[in-house]
Amino acid sequence: MNTQIAKIPLRQVQDVKTLLHNDQARQQLAAVAAKHMSPERLMRVTANAIRTTPKLQEADPLSFLGALMQCAALGLEANTVLGHAYLVPFKNNRKGITEVQVIIGYKGFIDLARRSGHITSISAGIHYSDDELWEHEEGTEARLRHRPGPQEGEKLHAYAIAKFTDGGHAYVVLPWARVMKIRDGSQNWQSAVKFGKTKQSPWYTHEDAMASKTAIRALAKYLPLSVEMADAITIDHDEGTRVDYAAFAQSPEDGPQVEEGEEIDGEAIEVDEGDGHQQDADPKGTAGESEEKPKQKPSERKPEAKKEQDKPKNDDAGIPPASDPKFVKLFQDIEAELTDGAPARGILRFHEAALAEVEKEDPDLHGQIMSMIREAEAND
């Protein structure tokens with residue numbers, strides 16, 4: 001039976017699960033995948049995405065394959081704890097089918113930006129009214145300094161900052177009113193309002209992550225972009241872009257084709273906080289972490305206080321008692337990512353800058369982290 005499935009022409013594949021065993025689907029993936037992405041690994045990630053997002057099984061198989069190919073071409077794993085990209089099923093009422101679109105997570109944009117070779121670190125954050133320190137000045141003495149506090153007050157700014165290999169840097173600061181104006185003008189938010197689905201919108205469930213992504217997109221104008229980063233900005237569905245991924249699956253040489261027309265009346269996947277919608281850890285401590293509050297309405301500005309269990313703990317086995325809390329948090333994050341099945345090499349790439357700082361400031365803890373990663377890498 002599996003042999004028959006493997007040889008079925010791609011156009012005749014009837015469901016998403018069959019794609020996992022189809023030879024032509026694997027060939028299409030291999031043809032566009034970035035060098036560090038293997039079709040086998042992609043198939044395992046795909047199987048996990050189907051398991052955690054059952055609605056993907058209802059999607060048109062070619063649309064699903066094309067969206068997966070897009071992620072492979074960008075070198076991003078979809079629907080994993082890394083939070084790089086998401087395959088999202090949408091009901092297209094005009095065609096009478098469920099299609100798949102790609103949403104790039106803000107961590108995915110960070111990963112793509114680093115690939116230019118000119119950026120040593122990039123991070124984003126949210127400035128709250130109760131933060132310990134906020135200094136922002138433009139002009140000849142331009143500077144940006146931020147030290148997070150309880151983050152229980154009013155949201156005032158979103159920002160993103162990049163440091164270059166030549167020692168320079170670039171940053172953008174967006175007043176919160178500007179962030180909300182950008183949100184209100186996005187096709188995706190307007191579509192959610194039109195169809196009465198704002199509570200399913202990531203702007204409702206993960207407002208801080210979306211604001212950070214908005215700041216990174218604004219910063220991209222001042223960055224030396226990799227080809228993948230430029231492509232990701234073009235196809236990101238969060239900005240209302242719709243791509244005909246079924247056509248892309250059949251003719252990858254033509255590239256992804258952006259569609260014109262009405263919004264798609266659809267239902268996006270529900271993403272848990274553990275799936276990557278948390279602030280990027282800034283290697284130098286200039287960008288604080290911003291906890292997500294899924295139940296908070298976008299119009300509200302006073303999120304719930306952080307829960308005690310969310311704070312970094314220093315009593316984890318193997319962690320030196322004197323370790324900096326931010327390094328302990330990094331240890332815990334990496335441990336959780338490995339437990340959830342994230343690839344060890346991907347974790348190393350994503351946390352490269354932060355791990356370099358740990359190695360310099362706390363060699364013992366760095367050794368513990370690397371030992372944990374090497375053990376997981378041996379089992380990948």
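Reader: In this predicted model, which residue's side chain is joined to that of Asp-111 by a polar contact of 2.8 Å?

Author: Asp-111 is found in helix α6, which spans residues 106–114. In this predicted model, a polar contact of 2.8 Å links the side chain of Asp-111 to the side chain of Arg-115.

Reader: Is Asp-111 buried or exposed, and what is its relative accessible area?

Author: A residue counts as buried when its relative accessible area is under 20%. Away from its neighbours in sequence, up to four places, Asp-111 touches Leu-76 and His-84. Asp-111 falls under that cut-off and is therefore buried, its relative accessible area being 6%.

Reader: How many of the residues of α6 are buried?

Author: The buried residues of α6 include Tyr-106, Phe-109, Asp-111 and Arg-114, and Lys-107 is also among them. Helix α6 is mostly covered, and the count of its buried residues is nine of nine.

Reader: Why is strand β2 described as largely enclosed by the rest of the structure?

Author: Strand β2 covers residues 97–104, and it is joined to strand β1, residues 85–92, in an antiparallel arrangement by eight bridges.

Reader: Which residue in the turn between β1 and β2 has a positive phi?

Author: Strands β1 and β2 form a hairpin, with four residues between them. Across this pair of strands, Asn-92 stands opposite Ile-97 in β2. In the turn, the residue with a positive phi, of about 75°, is Gly-96.

Reader: Which residues touch the most other members of the largest nonpolar core?

Author: The largest nonpolar core holds 72 residues, and helix α5, residues 61–74, gives the most to this core, with nine residues. Apart from this core lies another of 16 residues, among them Phe-331 and Val-358. Within the largest core, the residues that touch the most other members are Leu-87 and Ile-104.

Reader: Which aspartates does Ile-104 touch, not counting residues up to four places away in sequence?

Author: With residues up to four places away in sequence left aside, Ile-104 touches Leu-74, Leu-76 and His-84, among others. The contacts of Ile-104 also include Phe-109, Lys-213 and Ile-235.

Reader: In what order do the three strands of the open sheet lie?

Author: The edge strands are β3, residues 119–128, and β7, residues 169–175, each of which pairs on one side only. Strand β6 is antiparallel to β3 over nine bridges, and β6, residues 155–164, pairs with β7 in the antiparallel sense over seven bridges. The order of this open sheet is β3-β6-β7.

Reader: At about what angle to β7 does helix α7 run?

Author: Helix α7, residues 176–185, lies across β3, β6 and β7. Neighbouring strands of this sheet are turned by 10° against each other on average, direction ignored. Relative to β7, helix α7 runs at about 80°.

Reader: Where in the chain is confidence highest, and where is it lowest?

Author: The chain averages a pLDDT of 78, and 79% of the residues score at least 70. Over residues 262–317 the pLDDT is below 50, although this stretch has 167 contacts in the model beyond near neighbours in sequence. Confidence is highest in β6, at 95, and lowest in helix α1, residues 2–7, at a mean of 66.

Notes
Residues numbered from 1 in each chain as written. Heavy atoms only, no water. Pairing = 2+ DSSP bridges. Helix = DSSP H or I, 4+ residues; strand = E, 2+ residues; numbered from the N terminus. Axes fitted to C-alpha atoms, helices over the stretch in contact; angles between N-to-C directions. Contact = heavy atoms within 4.5 Å. Buried < 20%, exposed > 50% of the residue type's maximum accessible area, 1.4 Å probe, protein only. Polar contact = N/O pair within 3.5 Å; in protein donor to acceptor, adjacent residues only side chain to side chain. pLDDT = per-residue confidence, 0-100. Core = buried A, V, L, I, M, F, W, Y, C linked by side-chain atoms within 4.5 Å.
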